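Here is a short briefing on one protein chain. Read it with the structure open, and find each part as it comes up.

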Amino acid sequence: MSKSLPISEKKSSRFVRVLHWLDNHILLILSAFLFAFIPLYPKLPLADIIPGYIVRLRLEDLFVAATIVIYGIQILRKKAQWKTPFTWIILAYSIVGILSTISAVYITKTIPLQPLHVGKTLLHYFRYLEYFSLFFVAYSAVKTKKDFTWMLAIFATTVVLISMYGYGQKFFYWPLYSTMNREFSKGQRLYLTEHARVQSTFGGHYDMAGYLAVALPMLLAIFFATKKWRWKVPLFISYTAGLWLLIMSASRASFAGFVVGAMLLIALFVAQQSTWKRKLWWGFSRGSLTAFMILYMFFTFGDSIFERFLQILQPHPALMDTYDSLNESRKSLLQGNFSAIIQKYTPKLPDVKPPENGHAVTAEDQENTHVLVPSDERPTTQQPSDVYVQVPDTVFVTTVSASGVATTSSFTRDRVYSENALKYGLSMAIRLDTLWPQAIRGFQSNPLLGSGYATLTKANVDDFTEAESTDNNFLRTLGETGLLGVITFYGTIVIGMFLSGKILLSSASSFAKAVAIGFVTGSVALLVNAVYIDVYASSKIAFTYWALSGFVISYFARELAEGKMRPQLPGSKVETAVLPKPKQ
């Protein structure tokens with residue numbers, strides 16, 4: 001007859017089991033926490049890293065650093081692995097980054113050999129490595145399909161939560177914390193004005209829209225693939241809420257990226273159908289549903305993004321006339337058929353007033369407010385279409401008296417805009433007049449290695465700029481790290497999409513193929529977005545994208561290692577060496 005253990009021994013045994021479980025799942029817990037925490041927690045600064053610089057130490061950096069330490073310990077204990085499909089190309093990028101910095105300091109001399117300038121360059125270099133680190137943690141964290149589905153559930157829940165907070169910002173003056181300029185990035189509590197774009201818990205509306213451009217295709221793909229309503233309903237709610245929030249961001253680049261991703265998503269799903277009859281039916285039914293949802297949100301809530309797209313048509317009068325005609329039809333349709341229904345079933349919002357001591361953030365605050373006017377262009381004081389308030393330009397003049405005493409005085413004048421600003425709008429003009437030409441000059445200084453990190457916004461080599469932006473991630477990578485940087489950085493994305501393509505050509509489950517389609521189309525959407533915004537340099541987007549990449553590639557590796565996927569095409573071969581089996 002067996003003897004029962006004493007109570008103290010039972011407690012000790014239970015404690016040991018808990019510790020053992022925690023040891024086996026610590027990376028999953030940490031990566032899941034960061035996957036939700038980074039998008040949800042506002043960008044509140046903890047401390048300056050470099051005095052006077054917009055990039056600051058934040059709480060997420062401390063959590064990521066602690067996670068990396070634990071990940072390193074688990075590697076030493078052989079409970080995590082560093083060998084992944086991305087390892088060698090990320091290592092190659094890290095080497096290119098160091099070589100680019102050395103070249104910038106000693107060869108092209110675009111970075112002065114001073115602690116302040118070298119430190120700022122290294123700060124950006126290590127930020128990229130910090131973003132990549134979540135890929136390795138996430139890759140080792142996922143050990144089963146259940147682990148992966150939990151990550152998807154966290155992803156969908158996070159989208160709902162940031163949408164709810166964005167709704168509160170839009171209608172109830174919930175606070176936002178912006179990093180659109182240095183003063184805001186100090187942690188000022190702000191609220192939105194009428195024309196300002198929703199940014200939820202992100203540092204700017206572009207960052208939030210870029211995050212949604214990645215999230216929405218994945219949510220839509222899983223929604224189409226799952227047949228269980230307990231999954232379909234939450235996924236539909238999450239997708240709808242995220243789509244509304246994307247429209248409210250009024251980000252043309254992110255919306256265009258999402259639309260391209262959604263079209264590709266439908267095409268890939270259609271290609272997976274077995275017969276032409278099924279292909280036609282699937283494409284028509286799901287394509288119509290997707291198009292209806294996008295158009296409904298766009299026409300119902302998209303006044304701001306309408307105005308943003310309208311700026312593209314301004315240089316073309318014939319297209320403007322067509323737009324005006326269609327817009328009038330849209331208004332008549334909504335007013336005639338839907339306005340009564342909308343008024344009847346839309347709950348009346350309480351009359352909420354702005355905070356008495358709050359600081360308002362306007363549409364102008366959410367855009368760069370400087371445009372260089374080339375000397376061969378005739379200045380004009382007309383106002384670009386995307387500027388709602390004419391803010392005077394302050395000019396400082398210093399005079400020196402006969403005795404050598406310097407006196408500085410200031411006066412205001414009408415702000416002067418370039419021809420590009422008047423033709424294409426202020427936002428596009430900043431890129432055409434300033435940011436993109438500077439990136440091209442950085443590339444020309446050293447086509448292989450670029451001019452170094454954090455060098456593209458400087459007018460002179462010795463200048464200290466408080467922020468970095470190119471508003472085209474491809475040009476930024478090209479200008480800072482040259483052709484080698486472009487190949488190694490975007491090579492990681494190409495590898496991820498290539499491995500996803502292998503899954504689509506295998507006999508994998510419909511769920512695995514849906515994940516592959518969601519990842520590929522989300523990646524494409526972000527690449528389209530990168531033409532207009534530095535999305536891969538934005539912390540909330542970059543952390544999320546590389547973590548999602550780790551989850552997805554690890555899930556594929558485990559499915560393959562367990563023999564659940566077989567080549568579908570005659571003569572095709574999926575190499576297990578390409579997707580190494582993660583350690584248990």
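This is a predicted model: local features need pLDDT of at least 70, side-chain atom pairs count only at pLDDT 80 or more; totals for chains, interfaces and linings use all residues.

**Salt bridges around Arg476**

- Glu480 and Arg476 form a salt bridge, and their closest N and O atoms are 3.6 Å apart.
- Glu480 and Arg476 are both buried.
- Arg476 also meets Asp534 in a salt bridge, with 3.1 Å from N to O.
- Asp534 is in the loop between H15 and helix H16 (539-561), while Arg476 is in helix H14, so this pair ties together parts that are 58 residues apart in sequence.
- Asp534 is buried, and so is Arg476.

**Salt bridges elsewhere**

- The structure holds seven salt bridges.
- In general, side chains of opposite charge can pair when their charged atoms come close.
- One of the salt bridges joins the side chains of Asp23 and Arg77, at 2.7 Å from N to O.
- Asp23 belongs to helix H1 (residues 7-40), and Arg77 to the loop between helix H2 (59-76) and helix H3 (87-106), so the pair ties together parts that are 54 residues apart in sequence.
- Is Arg77 buried or partly exposed? Its relative accessibility is 43%, so Arg77 counts as partly exposed.

**Helices H14 and H16**

- Two packed helices are described by the angle between their axes and the distance between the axes.
- For H14 and H16, the axes come within 11 Å and cross at roughly 35 degrees.
- The crossing of H14 and H16 is left-handed.
- H14 brings Phe489, Thr492, Ile493, Gly496, Leu499, Ser500 and Ile503 to the contact, and H16 brings Tyr545, Trp546, Ile553 and Phe556.
- By type, the residues of the contact of H14 with H16 are eight nonpolar, three polar and no charged.

**Thr492, a residue of H14**

- Thr492 is found in helix H14, which covers residues 473-504.
- Its relative accessibility is 1%, so Thr492 counts as buried.
- Which residues does Thr492 contact, leaving aside its neighbours within four places in sequence? They are Phe86, Ile89, Ile90, Phe132 and Trp546.

**Helices H6 and H15**

- Helix H6 (residues 205-225) packs with helix H15 (residues 510-529) at an angle of about 155 degrees, and the axes are 8 Å apart.
- That angle is why H6 is roughly antiparallel to H15.
- H6 and H15 make a right-handed crossing.
- Among the H6 residues that meet H15 are Ala209, Gly210, Ala213 and Val214.
- On the H15 side, the residues include Ser510, Phe511, Ala514 and Val515.
- The contact of H6 with H15 has 14 nonpolar residues, six polar and no charged.

**Helices H5 and H7**

- Helix H5 (residues 145-172) and helix H7 (residues 229-249) have axes that come within 9 Å and cross at roughly 40 degrees.
- The angle therefore makes H5 oblique to H7.
- H5 passes H7 in a left-handed crossing.
- H5 residues that meet H7 include Thr149, Ala153, Ala156, Tyr167 and Lys170.
- Their counterparts in H7 include Trp231, Leu235, Ser238 and Met248.
- How do the residues of the contact of H5 with H7 divide? The count is 13 nonpolar, five polar and one charged.

**Ile430**

- Ile430 lies in helix H13, which covers residues 426-445.
- The relative accessible area of Ile430 is 2%, so this residue is buried.
- Ile430 and Thr470 are 40 residues apart in sequence, and 9.5 Å apart in space from C-alpha to C-alpha.

**The whole chain**

- The protein chain has 16 helices and six strands.
- Of its 584 residues, 50% are buried.
- Take the contacts between residues at least 6 apart in sequence: 75% of them join residues at least 24 apart.

How values were computed. Residues are numbered from 1 along each chain as its sequence is written. Side-chain values use heavy atoms; hydrogens and water are left out. Axes are lines fitted to C-alpha atoms, for helices over the stretch in contact, and angles run from 0 to 180 degrees between N-to-C directions. Helices (H or I, at least four residues) and strands (E, at least two) are DSSP runs, numbered from the N terminus. Angles under 35 degrees count as roughly parallel, over 145 as roughly antiparallel, 65 to 115 as roughly perpendicular and the rest as oblique. A crossing is left-handed if the near helix is turned anticlockwise from the far one by less than a right angle, and right-handed if clockwise. Contact means heavy atoms within 4.5 Å. Ala, Val, Leu, Ile, Met, Phe, Trp, Tyr, Cys and Pro count as nonpolar, Asp, Glu, Lys and Arg as charged, and the others, Gly among them, as polar. Buried means under 20% relative accessible area, exposed over 50%, partly exposed in between (1.4 Å probe, protein chains only). A salt bridge is a side-chain nitrogen of Lys or Arg within 4 Å of a carboxyl oxygen of Asp or Glu.
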